[in-house]
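Hi there,

Here is the structure I promised to pass along, with some notes on what turned up. Have a look at it first, and then read on.

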Amino acid sequence: MSRTVPALLWALPWILPPLITYIRLRRSRSLDDQSAIAPENPPLVSVIVPARNETHNIARCVRSILSTTYPRLELLVIDDSSTDGTGDVAREAAAGDTRFRILTSSALPEGWFGKQWACAAGARLAKGEILQFTDADTVHAPDLVTRSVNAMQTTGADLFSIAGHQELGGFWEKVIQPQIFTILSMRYGGTESVNDSPRVSSKIANGQCIFVTRHSYESIGGHASVRSSVAEDLMLAQRFFAARKNVVLMLGVKQLSTRMYASLREIINGWRKNVFAGGLDAVPFGRVGQSLLPLALLLPPVLELLPPLALVLAALGVPTGGTVILWAAISAVASLLWWIVVYAPVQESPLYALIYPIGALVLLYIFFTAVIRGRRVSWKGRTYISQ
């Protein structure tokens, strides 16, 4: 008994955060609750897809968008200086659909990220009252636009964003991606935690799917206002909210699906460009928060690794003490139960929970190298400095 109480107290950092996160995530709203019938006199929606070297993704994206049940829609694919035939693949996928247009963005100006420049180019040429910005690696259900437009009307949203299903194709995706999204969930909570927060720093959007009213988008300066931010989706939501616009986030796991990265290299490079440089814009408490961000990033994977490391050392005969072993066992079991809970809803084998330390180790490497790089970002053959 004398060892149990201290061990339980020491284990609280491994027990309480997952419980709190689970409770906060349950406070989420879903597109499933919105009507799948288009409103009367539906506004024209312009879907804008920035695409740079996306031959492996663009066809299924284009076909899914054009399968929509929404009656008034145009699709603009912005070819951002691709060298792999992305434009040709997109045209072939559209199969002559008159709602489809493909445009080639002009040379990237200094101080702009490629995605923002392509989005801005698409917005200038779009005809819609509502603009939908979406990534080339997304797949859209036929009812996505209809339900989203209805949601915008019922909530009065100026910026409306969808958190969809994240596809986990290969081993490393299944091991690492849940780790990233768990940390994001611990930071932001469910959709209503984000929607109800009065703080600008707690507002986020998912760049994989953002709807905006044209008037509000233009009034805050559009993508030009976030042209040099690596986390342009997050900063766009914050710009809208700071301008007293209504920002709404909902779940849409049945309506939107994304496979962000398909290999370990893509996962490392993709998250390394975002987590620190983008985190500097998202962290609360100003300069104090920014100075503590490296510690805040590195702490979660380190904490995950400590209990299994202690158990391994004890198994190897390293003197650790009975209380430490008990703490490590309780903490490791708590972590294991959490990861079982994480994998169950996405219909992945709970056996992946057993190897969570491997994911934490890779995460530690990603975060550490991201901190070392600072605001310097490299992606798809371009190097930027995030401001």
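Trp172, Glu173, Ile176, Gln177, Ile180 and Phe181 in H6 meet Leu264, Ile267 and Trp271 in H10. By class, that contact between H6 and H10 is made up of seven nonpolar residues, one polar and one charged. Please keep in mind that this is a predicted model.

How do the two helices lie against each other? H6 covers residues 171–188 and H10 covers residues 264–274, and their axes come within 10 Å and cross at roughly 20°. Angles under 35 degrees count as roughly parallel, so H6 and H10 are roughly parallel to each other. The crossing of H6 and H10 is left-handed.

The other thing to look at is a cavity. How many cavities of 30 Å³ or more does the structure hold? There is one, and the volume of this largest cavity is about 40 Å³.

The contact of H6 with H10, by comparison, does include one charged residue.

Happy browsing, and best wishes

Technical notes: Residues are numbered from 1 along each chain as its sequence is written. This is a predicted model: local features need pLDDT of at least 70, side-chain atom pairs count only at pLDDT 80 or more; totals for chains, interfaces and linings use all residues. Side-chain values use heavy atoms; hydrogens and water are left out. Axes are lines fitted to C-alpha atoms, for helices over the stretch in contact, and angles run from 0 to 180 degrees between N-to-C directions. Helices (H or I, at least four residues) and strands (E, at least two) are DSSP runs, numbered from the N terminus. Angles under 35 degrees count as roughly parallel, over 145 as roughly antiparallel, 65 to 115 as roughly perpendicular and the rest as oblique. A crossing is left-handed if the near helix is turned anticlockwise from the far one by less than a right angle, and right-handed if clockwise. Contact means heavy atoms within 4.5 Å. Ala, Val, Leu, Ile, Met, Phe, Trp, Tyr, Cys and Pro count as nonpolar, Asp, Glu, Lys and Arg as charged, and the others, Gly among them, as polar. On a 1 Å grid over the protein atoms alone, a cavity is a set of points where a 1.4 Å probe fits but cannot get out, and a pocket is an open set with protein on both sides within 12 Å along at least five of seven lines; lining residues have an atom within 4 Å of a point. Grid points are joined across faces, edges and corners, and a volume is the space filled by probe spheres set on the points.
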